[in-house]
Structures are given as structure tokens and as C-alpha cells.
Amino acid sequence: MAWLSIIGALFLQYSIFHIIRFIYRHWFRKPFSWELYRGEWAVVTGASYGIGAAYAVELAKRGLNVALLARSIDKLRDVAQQVESKGAKSQVISFDFAKASSEDWKQLENQLNSLTVSVLVNNVGVNVSLPTAFLEMEEEKMDQILQVNIVATQRITRIVVPKMVERRKGVVLFLSSGGGVLSPAPYLSVYSGTKAYENALATALAGELESSGIIVQSVTPFFVTSEMSKIRKSSLAVPSAARLARDSLQSVGYEVCSNPYWFHECIATILSYLPLKLQIRYVAKLHRGLREKGLRKSAQKKE
Ligand SMILES: NC(=O)c1ccc[n+]([C@@H]2O[C@H](COP(=O)([O-])OP(=O)(O)OC[C@H]3O[C@@H](n4cnc5c(N)ncnc54)[C@H](OP(=O)(O)O)[C@@H]3O)[C@@H](O)[C@H]2O)c1
Ligand SMILES: *[C@@H]1O[C@H](CO)[C@@H](O)[C@H](O)[C@H]1NC(C)=O
């Protein structure tokens, strides 16, 4: 019986430690200070709406100028206006990460090299419009997801980071995802695969760039309100994009893989106790249902 009580005591201590650390992390610890970065530039990819736009505005509030990249120029201009209303400078750069030619990339490189960039938010990402079985995905869609989420994200990182290394200063964030890193995602295989890739890339870079004074972080949220998630109204489980961006900017410099919104971390903890097989079955069923619902909806629209 003695060993049982020792195990029990250890378990209790372990749980108490985790709970205290959780509370400290989300409510008491000193938020990352952006003071040193005031007046310098942040580059945000996929900044015309959604989570990217929210990061842009939150960074502007902290005194950073923001270069905004995406395809929709009018929407980018709206975000630029919000950035400037916070007293920061902005630059709108229309760029298609799926289709850019080497010429376009060269031009982008020159444009970014003319700015003192000390923050890169790798936010641009594409997803399938409905959960889709791997075997039924169109080759073209697969390529587009890999191109934007992995190839282009890597490429812009290679453009921006060398200058940060020279200046021994910088923050690089990757918008990875809870789905793919913290939970399985059947029927979103390629999308979630790219998110796991980004998480691994960020973790590796964090180790390579630490001695150059650069902070690299992977952000792994679950649902956030946006076009992509198709959830418009925020709730306990689904924070607004602004809330996620605020929480994320506070957690910079702490965890290498961060789930900045507190309730998402609770979800991750609960999931970590459930057997993977069970999670896979549950999510597969959920996504099959979502797919059928989506198909019914688009059939109704056509009628
Ligand atoms: N929403 C969530 O629940 C959630 C959860 C976990 C992780 N994430 C990740 O967070 C990131 C942002 O998600 P979100 O929900 O804000 O997505 P979103 O609403 O779909 O916004 C995507 C942004 O990327 C831009 N974009 C898309 N394709 C592009 C291309 N080919 N070239 C240039 N820009 C392009 C879009 O602008 P244009 O159309 O103007 O180009 C838009 O600004 C993604 O990486 C996503 O994987 C989201
Ligand atoms: C990606 O798309 C699928 C299908 O539309 C959706 O179920 C899922 O919530 C999306 N992922 C995110 C993070 O929004």
C-alpha cells in the first residue's frame, strides 16, 4: 500500500504544479514587452482579414509599423487604415503566395529589405473548403495548400530572417494549429499536415536562432472566429481573432509552442488524456458529418 500512496502523492503534486503553472501563465506572468520593437517594422502575411489583420492592428497598438501582405488590395487598405489610426506606419503589398513568380519574389525581397523588419508573422494559410478524404482531394488543391502553407512560408522566412540575425534582434511567429499538432484531423489531412510541418519548422528554428537573439514561436490555437473557420460569433471555446492575437503577443518569448488562449489550453490538456485512436474516430465522424452538411447546403443553394 505504501507505494500506492507514494504514487498518489506524486500525481497530486504533479497536477497541482500544472494547475498553478496554467493560472500563472495565463493571468499573472509579465506579458512580453514590445518596447524594444517600437518604430520598427512587422511583416504580416495574409493580413487582409481574419487572424492576420488582427495581428497587424495589435502590433500597431504596440508601436510597430506594419507591412501587410495578401491578394485583396482593397481589404488590405482597410487594414492599413486601422493600423495608421493607431499612429503607426503601414505598407500594403499585394502578393499571391500561391502564384508568385521568381520575379515577384525578387521584387518582394527588395521591398522588404528596404524596411527594418524585426517581426515576421507567418500567418497566411489555406485550407479545404469542406472536410475531404485524402483519396478524393484534387491534386491541384493539395499543391496549393503545400505551396502557400509550406513553400511560400519558408521562402519569406528565408528572406526576412537573415537581416534579423545581422541585427541580433527579431520575433518570428508561425500560425500552426491545434488540429494537426495537438489533435488528429482526419479529412483535413493535407492542411493539418502542413500545420504540423510549420510547428516542427518553428521548433527547429527556435533552437537554431536562439543564440542570434531571435525568438521563434509556433502558435497552435483551436477554433478562432474567421472566414476560414466559418465561425462568426466568439464564445468561450472560440475566441475572436483580436483576442487570439492579443494573447499571442503576450506569450512571445515564453513557450516555444504556445496555445495562447486559456480555454484552448484546457481543451489540449483534456485531449492529451484521451487515447489517440478514440480521438481519431471521434474527429473522423465529426468531419464526415460536417462534409455531408456542407454538401447539402451547397446543393440547396444550387436549386
Ligand atoms: N481560424 C481558425 O480557427 C484557425 C485555427 C488554427 C490556425 N489557424 C491558422 O491561422 C492562419 C490564419 O487563419 P484565418 O482563419 O485568419 O484564415 P482566413 O480567414 O482564411 O484568412 C487568410 C488570409 O490569408 C490570405 N491569403 C489566402 N490565400 C492567399 C494567397 N494565395 N496569397 C496571399 N494571401 C493569401 C487571405 O487574404 P486574400 O484572400 O486577400 O489573399 C487572408 O488575409 C492560417 O494559417 C490558419 O491555418 C486558423
Ligand atoms: C479547415 O476547413 C475545414 C473544412 O471546411 C473546417 O472544418 C476546419 O474547421 C477548417 N480549419 C480551421 C482551422 O478553420
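This is a predicted model: local features need pLDDT of at least 70, side-chain atom pairs count only at pLDDT 80 or more; totals for chains, interfaces and linings use all residues.

Trainee: How many residues surround ligand 1, and which are the closest?

Mentor: The ligand is surrounded by 30 residues, and the closest are Ser 48, Arg 71, Ser 72, Tyr 191 and Ser 226.

Trainee: What lies 2.4 Å from an oxygen atom of ligand 1?

Mentor: That is a polar side-chain atom of Ser 72. Tyr 191 also places a polar side-chain atom 2.6 Å from an oxygen atom of ligand 1, and for Ser 226 the corresponding distance to a ligand oxygen atom is 2.5 Å.

Trainee: And how much of ligand 1 does the protein bury?

Mentor: The protein buries 96% of the 890 Å² that ligand 1 exposes when taken alone.

Trainee: What is the make-up of the shell by class?

Mentor: The shell around ligand 1 has 16 nonpolar residues, 10 polar ones and four charged ones. Helices α2 (50-61) and α7 (189-209) each contribute at least two residues to this shell.

Trainee: Since α7 has come up, is Ser 192 buried or exposed?

Mentor: Ser 192, which lies in helix α7, has a relative accessible area of 10%; this is under 20%, so Ser 192 counts as buried.

Trainee: Which residues is Ser 192 in contact with, leaving aside neighbours within four places in sequence?

Mentor: Those contacts are Gly 179, Gly 180 and Ala 185.

Trainee: Changing topic, what is the strand order in the sheet?

Mentor: It is an open sheet of seven strands, ordered β3-β2-β1-β4-β5-β6-β7, and the pairing is parallel. The edges are formed by β3 (90-94) and β7 (257-258); each has a single partner strand, so one side of each lacks a neighbour in the sheet.

Trainee: How many bridges join β5 to β6?

Mentor: Strand β5 (residues 170-175) and strand β6 (residues 214-219) run parallel and are joined by six bridges. Within this pair, Leu 173 is opposite Gln 217 in β6.

Conventions. Residues are numbered from 1 along each chain as its sequence is written. Chains are lettered from A and ligands numbered from 1 in the order in which they are written. Side-chain values use heavy atoms; hydrogens and water are left out. A residue is near a molecule or strand if one of its heavy atoms lies within 4 Å of it. A polar contact is a pair of N or O atoms within 3.5 Å; within protein, one must be able to donate a hydrogen and the other to accept it, and residues adjacent in sequence count only if both atoms are side-chain atoms. Accessible areas come from the Shrake-Rupley method with a 1.4 Å probe; for residues, only the protein chains shown count as cover. Helices (H or I, at least four residues) and strands (E, at least two) are DSSP runs, numbered from the N terminus. Ala, Val, Leu, Ile, Met, Phe, Trp, Tyr, Cys and Pro count as nonpolar, Asp, Glu, Lys and Arg as charged, and the others, Gly among them, as polar. Two strands pair if DSSP finds at least two bridges between them. Buried means under 20% relative accessible area, exposed over 50%, partly exposed in between (1.4 Å probe, protein chains only). Contact means heavy atoms within 4.5 Å.
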